[in-house]
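Take a look at the model below. Then read on, one topic at a time.

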Amino acid sequence: IGFLCYMSVPAYQVKAVTPVETAVTPSVTFIVKEENALNVDNNVSTEQMPAQVKPLTILTLSDANTVVLREAVTEASVSKLMLELQKKSASLRSTDSIYLVWDTPGGSVDAGNKLISFMKALPQKVKTVTIFAASMGFHIVESMDERIILDSGTLMSHRATIGGVGGELPGELVVRLNYILGILHKMDEVAARRMHMSTRDYKEMIRDEYWVYGDNAVAANVA
């Protein structure tokens, strides 16, 4: 049926290089604010924290519980990520969590939906840590468990792009397009439900792209 993708324009990518490079070697400690936005401190301990910070949740990412995606969502990148997730899952208890550090411009809808189904089938909860998640990356975030975002993190959603579709018109092309529209509508329903809004309002909001940053993402129920 051709190819279908959610892909942002690369020029708009927002990078936060340092947290990603150190995310799993050996570990990074995050101070998690009540609204789920993160401040990063690589060498923090609870004893060193100011009194007003100590009640906050401390999240430590390490090689044992973290996977990182720093590229587009493709069949190849998703296959590699699934193997990494499977290995992490096998070494963790079912009560543990796996953290997916997310820095992606988006990509293939088919590959992204396969990844969502795979992660939901794992015995552990998969929680996303967003540096930059656009397009299909946005939908994967909204489909998973706890959605954590850096205070400098960015999320973006927009309408899908399609190419390579052909067929008789009227005829099989209409059937194929309706099939694709059905997939996209279900994805939009999931995102809208997580954001506590109607699907109609969500579709209108992303019509000309929807960008949200850090604490604003939390306030908007996107993270």
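## Ground rules

This is a predicted model, in which local features need pLDDT of at least 70, side-chain atom pairs count only at pLDDT 80 or more, and totals for chains, interfaces and linings use all residues. Residues are numbered from 1 along each chain as its sequence is written, and side-chain values use heavy atoms, with hydrogens and water left out.

Helices (H or I, at least four residues) and strands (E, at least two) are DSSP runs, numbered from the N terminus.

## Helix α5

Helix α5 covers residues 172–194, which makes 23 residues. The expected span of a helix is 1.5 Å times one less than its number of residues.

Buried means under 20% relative accessible area, exposed over 50%, and partly exposed in between (1.4 Å probe, protein chains only). The buried residues of α5 are L173, I180, L184, M187, D188, A191 and A192. M187 has a relative accessible area of 8%, which is why it counts as buried. Its C-alpha atom is separated by 9.3 Å from that of I140, 47 residues apart along the chain.

## Two packed helices

Two packed helices are described by the angle between their axes and the distance between the axes. Axes are lines fitted to C-alpha atoms, for helices over the stretch in contact, and angles run from 0 to 180 degrees between N-to-C directions. Helix α2 (residues 75–91) and helix α3 (residues 109–121) pack at about 10°, with axes 9 Å apart. The two are therefore roughly parallel (under 35 degrees; over 145 is roughly antiparallel, 65 to 115 roughly perpendicular, and the rest oblique).

Contact means heavy atoms within 4.5 Å. On the α2 side, the residues are E75, V78, L81, M82, L85 and Q86. They meet D110, A111, K114, L115, F118 and M119 in α3. The contact divides into eight nonpolar, one polar and three charged residues. Here Ala, Val, Leu, Ile, Met, Phe, Trp, Tyr, Cys and Pro count as nonpolar, Asp, Glu, Lys and Arg as charged, and the others, Gly among them, as polar.

## Aromatic pairs

How many aromatic pairs does the structure hold? There are two. Rings of Phe, Tyr and Trp (its six-membered ring) pair if their centres lie within 6.5 Å; planes under 30 degrees apart count as stacked, over 60 as edge-to-face and the rest as tilted.

F132 and W211 form a tilted pair, 6.2 Å centre to centre, with 40° between the planes. F132 is in strand β8 (residues 125–134) and W211 in strand β11 (residues 210–213), 79 residues apart. F132 is buried at 0%, whereas W211 is partly exposed at 33%. F138 and Y202 form a stacked pair, 6.5 Å centre to centre, with 25° between the planes. F138 lies in helix α4 (residues 136–143) and Y202 in helix α6 (residues 199–205), 64 residues apart. Both F138 and Y202 are buried.

## T128 in strand β8

T128 sits in strand β8. Its relative accessible area is 0%, so T128 is buried. Leaving out residues up to four places away in sequence, T128 touches L100, V141, M144, E146, R147 and I148. T128 and I148 are 20 residues apart in sequence, and 5.8 Å apart C-alpha to C-alpha.

## Positive phi

Most residues other than glycine have a negative phi. S135 has a positive phi, near 60°. S135 lies in the loop between β8 and α4 and is buried, at 0%. H196 also has a positive phi, of about 60°, and is not a glycine. H196 lies in the loop between α5 and α6. Is H196 buried or exposed? At 62% relative accessibility, H196 counts as exposed.
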